[in-house]
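Reader: I am new to this structure. Please take me through one part of it closely, and then say what surrounds the ligand.

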Amino acid sequence: MTAQALDEIKIGGLGASRKRVEDNRFIRGKGNYTDDITLPGMLHMEILRSPLAHARIKSIDASRAWDIPGVHLVLTGDMMATRNLAWMPTLSYDTQAVLATDKVRFQGQEVACVIADDPYIAKDACEAIDVEYEPLPPIVNPMQAVAEGAPVIRDDKENQADNVIYNWEVGDAAATDRAFEQADMVSRLKLHYPRSHPSPIECCGSIADFNRATEKLTVYMTTQAPHIIRAAVALVAELPEHMIRIISPDIGGGFGNKVPVYPGYVCSILASILLERPVKWIEDKTGNLISTGFARDIYLDGEMALRQDGKILGVRMHCDADHGAFFSDAQPSKFKIGLLHSAFAAYDIPAAHLTARGTYSNKAPGGVAYRCSFRVTEAMFFQERMVQAAADDLGMDQAAFRRMNFVRDEDFPHRTPLGFLTDSGQYGKCLDVALKAVGYEEFRKQQEEARAKGRLFGLGISTMTEPLGAGNSREYDILGIKMFDSAELKVHMTGKAIVRTGARGQGQGHETTWAQIVSHELGIPAEDIVVEEGDTDTAPFGMGTYASRSTPVAGAAVAMVSRKIRAKARKLAAHLLEVSEEDIEWELGRFYVRSAPDRGVTIQECAMAAYSNMPDGMEPGLENTAYYDPPNLTWPFAVYIVTVEVDPATGVWDVLTTVAVDDCGVRINPMIVEGQIMGGLTEAYAMANMQFITFDAEGNCIGSNYMDYLLPTAWETPGFELHSEVVTPCPHHPIGAKGIGECAAVGGPAAFVNAVIDALSGTGVRNIDMPLLPDRVWEALTYRRDVSGAPPVRSDD
Ligand code: MCN
Ligand code: CUN
């Protein structure tokens, strides 16, 4: 390295806690969200939703709505059907009603749409649509779904005689049986991971703009995966793909809510085609909370075969998943229950077997995603709750039991009991850091002393590794489209650059971090690089942002395309320095002659030469694209430890400390990573403590607004202590990074719940279902019994 090499942190490269460039416009109110966009001649769409969870539609009379001045169009299921659009395919090989024709199957289902001069007229006109329903008995959980005589929800489907969607299994049943035969003892746990909702601050919406003259359809919309939407519109609406342009402008949070295709998008597109005017649909909060993007809602039942000394010999797991009325999970197609089989990946367990059954119910389609990498949240929650129960049953220390069963550093690559390949990690070291930070031994002593005085302290540990970053394309595809991603880099003649990827951030900071990767690879200062995502006419094809796949896949593509640019710049440098390429060395921002280090050219000088002084025969310009198909998922590891005090008189529990040790490999931007972890822990705390979406016996959704479904503010949210000293670079990622976007939301909930259950130790209580509302904790303590949260609840609860 010469004295002229750049200081990477100063130019905003890898490891710099660079301030988020996107925040410059966000905090000044200068963001450009879908609802900020107004087009000439734009009309507004509102949706009429079903008040009932399950009912036959006897008639729909929209004549009063059509008569309202300012109404341009009323769309009903029958009209959609004439264009073959009453139903649409889902990402899980099922069908979903766009607008109901035969029956409504959940409360809040889309029944009709009105397009009018303004949203208020459209809303009023929705209320003037007369729908006659014949109520049918609703089903709100898997037990009801499979009960004898249960009404068949999906009677629209040929060959669907019951409410079962699939039965799926993975693992080695015979080996697992043998493990249980050899066990000294068996530990059991049963729980419900309730429905939860990503609830981004910005709801979903779209503006469809079909231009009859150009035949081009432009859609501005809140999607995390614009290229997938383009393909879906091309295939479903039978429009030519090059005539469709999907633009995701700024997105006000996604958290998985903005992955699926929703009826509102489809209706706004059809309305724009019919009316030849732009049509805007902006969902309201209740619409968002009752009809879009639910996650979880699964019943988990498992047992663990244990040796007396604490060694785990095998695991059996069964899951009943409530998918709602349509099976529309967005997940790799060949896995029916997402990546639930990533459970127990952190532990060295010889045998495991998982069975899963999916059922329909009269609820909005569920199981989509909420900061989860396809059901990994449920997998890690069950794993860590089960591990705690097993250690308790054995009378073993929680930390020692985990450590004894961890995959050891020297065991990688490791085949997990249900079939994944993990490749790196330092689990024991992370645990050491966390135990020290929380003062483990000391806390256990205090806990005992407090107990003697009638005070209930508890400590919960959650340790987990999770699969982030689908694909590789060998194993991961959605409806046959392989999962990989892309980046395009254009270096202008003055050395400034633009990078575009197939990902689409919703607040994660891609505009900041992708520039840092280019800086690291090329030495161009981050502030000289602009990042753009979300426009299918300009961005290279990609599968979008979810499953924390952006850094593992698109971020890797950014590194790879930068390297292609550097290879060409090297040729330019050789030309400028009049030496052969072999005589040239690279250091950050500069090529130099090996034998004369003072003779060099900067990357900016090479860029200028690409447009003004290229060698004979060289193609001009300095631009390239890279497609990246990762060899494996990335496997970050985390330890979360929470301590709480439970008030026995009220069941209220307060968090005393939360310690987080995250190893996500090389951190591109440490500040952004910390933000991701704090956000995830906040959501984890909310799920464990307060977020409550359930259903009464009639199928009414309880949690349709922010009075019932609580978002934690800074006031409720506890403080978090974060540790970053353990770094295990990803062995196959070009810059050693692993995903981080979902870790804390995945691993966090079990730490909070384990802490409360630990505080109740000695009472015989094994489980309280989330959210651990004070009345549930109080009931468990007072009556010394488990408390289930399975719906239906009484509507006056
Ligand atoms: N990062 C880093 N170093 C690493 C890993 C990541 O600096 N080793 C940075 C990334 O460059 C990126 C951020 O951290 O700026 C998150 O990266 P990554 O883990 O790759 O996740 P994605 O960008 O793919 O984001 C998706 C993930 C998901 S799936 C959900 S859900 C979620 C989450 O991100 N939704 C969010 N975090 C969110 N944060 C905000 N603000 N808003 C959302 O909607
Ligand atoms: Cu699982 S929610 Mo994120 O993958 O968009």
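Author: In this predicted model, the axes of helix α10 (residues 376-394) and helix α11 (residues 398-405) come within 9 Å and cross at roughly 110°. Helices are DSSP runs of H or I, at least four residues long, numbered from the N terminus; axes are lines fitted to C-alpha atoms over the stretch in contact, with angles from 0 to 180 degrees between N-to-C directions. α10 and α11 are therefore roughly perpendicular to each other, a term for angles of 65 to 115 degrees. Their crossing is right-handed, meaning that the near helix is turned clockwise from the far one by less than a right angle.

Now the ligand. Around ligand 1 there are 34 residues, each with a heavy atom within 4 Å of it. G254, H510, S550, T551 and Q676 come nearest. By type, the shell holds 12 nonpolar residues, 17 polar and five charged; Asp, Glu, Lys and Arg count as charged, Ala, Val, Leu, Ile, Met, Phe, Trp, Tyr, Cys and Pro as nonpolar, and the others, Gly among them, as polar.

Polar contacts are pairs of N or O atoms within 3.5 Å. A backbone N or O atom of V666 is 2.8 Å from a nitrogen atom of ligand 1. Oxygen atoms of the ligand lie 3.0 Å from a polar backbone atom of N669 and 2.8 Å from a backbone N or O atom of G741. The protein buries 96% of the 840 Å² that ligand 1 exposes when taken alone, by the Shrake-Rupley method with a 1.4 Å probe. Elements giving two or more residues to the shell are α14 (510-522), α15 (550-577) and α17 (670-689).

Residues are numbered from 1 along each chain as its sequence is written, while chains are lettered from A and ligands numbered from 1 in the order written. Local features need pLDDT of at least 70, side-chain atom pairs count only at pLDDT 80 or more, and totals for chains, interfaces and linings use all residues, with side-chain values taken from heavy atoms, leaving out hydrogens and water.

Methods. A polar contact is a pair of N or O atoms within 3.5 Å; within protein, one must be able to donate a hydrogen and the other to accept it, and residues adjacent in sequence count only if both atoms are side-chain atoms. Angles under 35 degrees count as roughly parallel, over 145 as roughly antiparallel, 65 to 115 as roughly perpendicular and the rest as oblique.
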